[in-house]
Amino acid sequence: MRARIVGLGLIGGSIGIALRQAGWRVAYFDPRVSLEDAIASGAADEAGEIAGEPDIALLATPVHVALEALPRQNCLTMSLCSVMLPLREAAGSRPFIAGHPLAGKSVRGLAAASGDLFRNKRWFIDREDPVAARVIADCGSTPILVGAAEHDAAVALTSHIPQILSTALAAYLSERDVAKFAGTGLSTFLRLAASDASVWMPTIEANRANIEKHIAPLMEIVQRIIEGDADAFENAQEFMKDLLAASV
């Protein structure tokens, strides 16, 4: 099996390592990554076009770059962005799967890639295909079929707003001399704040409509807590029990 990976950072590099360990031949396109580094990391066999047409092209880039790269792929293509709908709409009738492996780190780049990043993780896809299923299985993940619009509406709450809140608080604290008062609770909450704008700003732009509709209701709960309403704590504790039970 042969794959072309566009973008050999954390996600693309981790997929490349996993696929090569499973016997795939992998080519990549990423002007930021030298062939020497790609080979040394175990993420790719060659740069540029693989000999003959690949079985699948994988777009492991920020969403705006994936939208630009999509028309240049002449084979089955799967995106790996944290939004699906813009790519689904852009794909038209071409052989395409909007995908999103639910895994990552707050650090980016090929140096952070690992072949087990996706092991036992969920991998959302909006269409089924045997080649895509092989990619997902060889990365150790479980495919979850979901509509692109439903996916984007959900991850606005479970991924994008948490990133925004973590980043916003860290940015606010950066202007205040309070670091000596910070404990592990703050570090845990701000883990996502180490993420890079080059990845997240295109994602937020692509999913802004789904994000914006939750901001005012969320701030209303914040205000109610400040004013003495303890119901939010009980509701939060119930949600956390369900969340932790589902993760076991």
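Visitor: Is Cys81 buried or exposed?

Guide: Buried means under 20% relative accessible area, exposed over 50%, and partly exposed in between, with a 1.4 Å probe and protein chains only. The relative accessibility of Cys81 is 4%, so this residue is buried.

Visitor: What kind of model is this, and from which number do residues count along each chain?

Guide: This is a predicted model, in which local features need pLDDT of at least 70, side-chain atom pairs count only at pLDDT 80 or more, and totals for chains, interfaces and linings use all residues. Side-chain values use heavy atoms, with hydrogens and water left out, and residues are numbered along each chain, as its sequence is written, from 1.

Visitor: How many disulfides does a search of the whole structure find?

Guide: A disulfide is a pair of cysteine sulfur atoms within 2.5 Å. For the whole structure, the search gives a count of 0.

Visitor: Which cysteine has the sulfur nearest to that of Cys75?

Guide: Cys75 is in no disulfide, and the nearest cysteine sulfur is 16 Å away, in Cys81. Cys75 is also buried, at 8% relative accessibility. For Cys81, likewise in no disulfide, the nearest cysteine sulfur is that of Cys139, 16 Å away.

Visitor: How are the ring planes of Phe118 and Trp123 arranged?

Guide: Rings of Phe, Tyr and Trp (its six-membered ring) pair if their centres lie within 6.5 Å; planes under 30 degrees apart count as stacked, over 60 as edge-to-face and the rest as tilted. The structure holds 1 such aromatic pair. Phe118 is buried at 0% relative accessibility, and Trp123 is buried at 0% as well. Their ring centres are 5.4 Å apart and their planes are at 45°, so the pair is tilted.

Visitor: Over the face of which residue does Arg176 lie?

Guide: A charge sits over a ring if NZ of Lys or CZ of Arg is within 6 Å of the ring centre and within 35 degrees of the ring normal. Arg176 is placed 3.7 Å from the ring centre, over the face of Tyr172.

Visitor: How far apart in space are Phe96 and Thr77, C-alpha to C-alpha?

Guide: Phe96 belongs to strand E6, residues 96-101 (strands are DSSP runs of E, at least two residues, numbered from the N terminus). Phe96 is buried, at 3% relative accessibility. In sequence, Phe96 and Thr77 are 19 residues apart, while their C-alpha distance is 4.8 Å.

Conventions. Helices (H or I, at least four residues) and strands (E, at least two) are DSSP runs, numbered from the N terminus.
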